[in-house]
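Have a look at the sequence and the structure first.

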Amino acid sequence: MTISRRSLLQAGVATGTALSFPSVLRSQTTLASTQAVRMVKSGDLGVFDPMISSYYITADHGSAIYDTLFALDSRMTPQPQMVGNWGVSDDKKTYTFVLRDGLGWHDGTPVTAGDCVASIRRWVEVASGGQLIKALATDISKKDDKTFTIALKEPLGLLIEILATLTPPCLFIMREKDANTPSTDPVTANIGSGPFTFNQELARPGASFTYDRNERYVPRREASDGLAGRKVVKVDRVIWDNIADQQTALAALQTGEIDYLESVPMDLLPVLEGNPDIALQVLNQGGFVRYLRINFLQKPFNNLKARHALLYLIDQEAAMRTSSPPEYIKTVTSLFGTKTAYINDENTGWFKKGGDPEKAKELFQEAGYAGEKVVIVQVTNIAWMSNVAQYVAHTLRKIGVNAELNPTDWGAVTARLDNKGSVDEGGWSIYPTADVDFAMGDVLGNPIFLANGDKAWYGWPHNDEYEALYARWATVATLEERQSLAREMQRVWWGFVGSVYLGATTLPVARRASLTGLIGMPVIVPMWNMQKS
Amino acid sequence: MAAYILRRMLSTVAVMAMVGIFVFLLLRLAPGDPAAIIAGDKATPQMIASIREQLGLNDPLPVQFIGWVRDLVGGDFGTSIFAGRPVLELIAQRLEPTLSLSILTIIVSVTMGVSFGILAAWQAGGLLDRILTAFATLGFSVPVFVVGFLAIYLFAIRTQWLPVQGYQPVDDGFGTWLVHMILPTVTLSIPYIAFIARIARASMLEVLSEDYMRTAAAKGASSYSMLFHHALKNAGVPILTVIGLSFAGLVGGVVLTETVFNIPGIGRLVVDAINKRDYPIIQGVLILVSGLYVLINLAVDLSYTLVDPRIRY
């Protein structure tokens, strides 16, 4: 067979075209990248209503499409956001708020004081701090279209802090008709007054959600500072892609198909660290504090010495190494986290690097431990929870404790935690969980600080002395006094061991180097200010 | 034939009804509470109880079941607890990616699987047969996600020829759609090619050893005529069965492939719904998929008449 030059040339051109075809098509498939930012968040947005849900991702969604009366700046100080002016009466019992100009809903109607009142009334039914306001309020009502008041039975110095809380559920202002929905009925209208609008048409639950710049949003004049100040959106659109597999998400970030990855698989960090197109950035400097909730109602941890044993047993660095590299780990000895205004060193003598298993074993014996089963809730579809549960079980078994893991998925965990019965009746002994460090300073907003037994959060810790101190928190006027009160609370808390800390982790997010302007705050990753070159 | 089809259609309804009852009860009796998931783990028990009440989950089981059946009969598959949207709308959103992946996979799998099976049978015992058999064994043994991640590494990250993930609707451009489907289709096709090739080979070998094949050869029939006019039709019944079952499995959702390549298909929809205990979606998808499964089986049974004129209903 003779091969002519013509046929060879033709074959060469055809081959070259075929080889380049995918690249040509691939370039055609890339979105107009300067117009949209694609983000992969730490989970799937399953609940849209940020006023009733305690999920951080729902709060993130809320911060995009809704606005808040006050917002925290980078020093965690509340600043007016929707509020233009505000004041408090001489007796410190009546707060008056006047909305700033330019506030409008995505449906084109103006924001009014009635919307704010309805939103506050709905929110106080659900949020811990809000319930304190509800208990103290004699009246929450509007005076005119831009003015509303909150009148209290007695002064509440932390009212503004509570309204500005970042511990979900946060107070996002909704339209009156949405806010008049019972707090048990999730609002899914997604119409807010925030810097982004929610694109319902492009919403693909479980797959992707699209947020468009709200062209009608009027930002404040002050410079952007944390979540406060100007909210200027510098991109046309932000798309939240729900990529369930971390490896796939990482690969998509490497190729530029996404711009931001919130949960970076820690074992794959080295892959990203050498890549000049990708930057690792710690947005939440305080990180997450991980801890164990202990069941006060059942053996063995209804015994104080057994709880002390657990406190001495945990090697925080080892516990945190189950899911974080050492450079992103911190030990935690203060009840109030690592960076809040209330951290202190009161009654922290229990802490020992590496833990103290000998002391723990001794304490279990003193507690009269007789081999009772200790059930540790292991949430298998959240990697760090699963890993740390295994670490705790292993550590307990090494000192002779009959520890058993109870694997469950997130969907079933609350049903398990609700069970106050013994482990043989489906109950539990230890539940590993976490909170953002900010929430460790939000005493009134975070239910983990309660120790009122049956009414407390899971574990149902109970200590009257501590509760008496806790009750004073809302009445204390200055930061210094609260810091002094925090010392006392911490002393008592570690005395009766309301919980056991595992450590803290400051996990970085990964972003394309071309994506800049990310604001670093706890809980929420603001989508305003970021831009893509 | 018409009576047969009618009988099978009626049995489809019966199967869907049984699946519906089973799934309904299983969901309500299994651990997990959508109200608790909505509220989050910091919610008070009172809040969770109120949400349960709001969702109607505290109603007696028979009341919930009758309400659900009544809506179903009226064509209302319910509303997603979390998304607040009709279940049928959410399923419809996921149908195109699933059907795209399924149809492309079955086309590639059948074309290559049947071809490999025929070739392997024709060259039974030879080098080609051994190579194809080894490929089939490997294709069946290596997990889909391993192949998927390797493919992503080679063709997306290293060479950047193809995208890593995602689905683009056909409306956005045929080329865009196709290029996003290449890697998932190839990945998912491998085990199906292996499976179909093995069945095709076994079936063809059985037929090739029949007397009438020897007679055809003695009469001077060409290899092509023997393989495709005489053998393949007679070997077709088991091959069609396998193709039908494969397609039914594909349409039901291939979660691993959808997860690796981030394709928003039916498989991911139902797995996400299970994780969140979104009962209406789980119920809706499983009923529809069970009905589809039965209908595909019916189509396979009817297709036998095309290859074997002795089969009549």
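## How the chains meet

Please keep in mind that this is a predicted model. Chain A brings 55 residues to the contact and chain B brings 46. Together they bury about 4200 Å², with 57% of that on carbon and sulfur atoms. On the chain B side, the residues that lose the most area to chain A are B:Asp41, B:Lys42 and B:Trp161, which together make up 17% of what that side buries.

Polar links also cross this interface: 18 residue pairs are in polar contact, and 3 salt bridges are found. One salt bridge joins B:Arg277 to A:Asp409, whose closest N and O atoms are 2.8 Å apart.

## The chain B side

Several helices of chain B each supply at least two residues to the side that touches chain A, among them H2 (34–39), H5 (87–122) and H8 (174–208). The largest share, 6 residues, comes from H3(B). By type, the residues on this side are 24 nonpolar, 13 polar and 9 charged.

## A sheet in chain A

Chain A holds an open, antiparallel sheet of 4 strands in the order S4-S5-S7-S6. Its edges are S4 (83–88) and S6 (137–144), and neighbouring strands are turned by 15° against each other on average, direction ignored. S5 (94–99) and S7 (147–152) of chain A pair over 5 bridges; A:Thr94 has A:Ala151 in S7(A) as its bridge partner.

Two helices of chain A accompany these strands. H3 (113–123) packs on the sheet, touching S5, S6 and S7, and its direction makes about 160° with that of S6(A). H4 (128–136) lies across S6 and S7, running at about 90° to S6(A).

Note on methods
Residues are numbered from 1 along each chain as its sequence is written. Chains are lettered from A and ligands numbered from 1 in the order in which they are written. This is a predicted model: local features need pLDDT of at least 70, side-chain atom pairs count only at pLDDT 80 or more; totals for chains, interfaces and linings use all residues. Side-chain values use heavy atoms; hydrogens and water are left out. Contact means heavy atoms within 4.5 Å. Buried area is the accessible area (1.4 Å probe) that two parts lose on being put together, summed over both. A salt bridge is a side-chain nitrogen of Lys or Arg within 4 Å of a carboxyl oxygen of Asp or Glu. A polar contact is a pair of N or O atoms within 3.5 Å; within protein, one must be able to donate a hydrogen and the other to accept it, and residues adjacent in sequence count only if both atoms are side-chain atoms. Ala, Val, Leu, Ile, Met, Phe, Trp, Tyr, Cys and Pro count as nonpolar, Asp, Glu, Lys and Arg as charged, and the others, Gly among them, as polar. Two strands pair if DSSP finds at least two bridges between them. Axes are lines fitted to C-alpha atoms, for helices over the stretch in contact, and angles run from 0 to 180 degrees between N-to-C directions.
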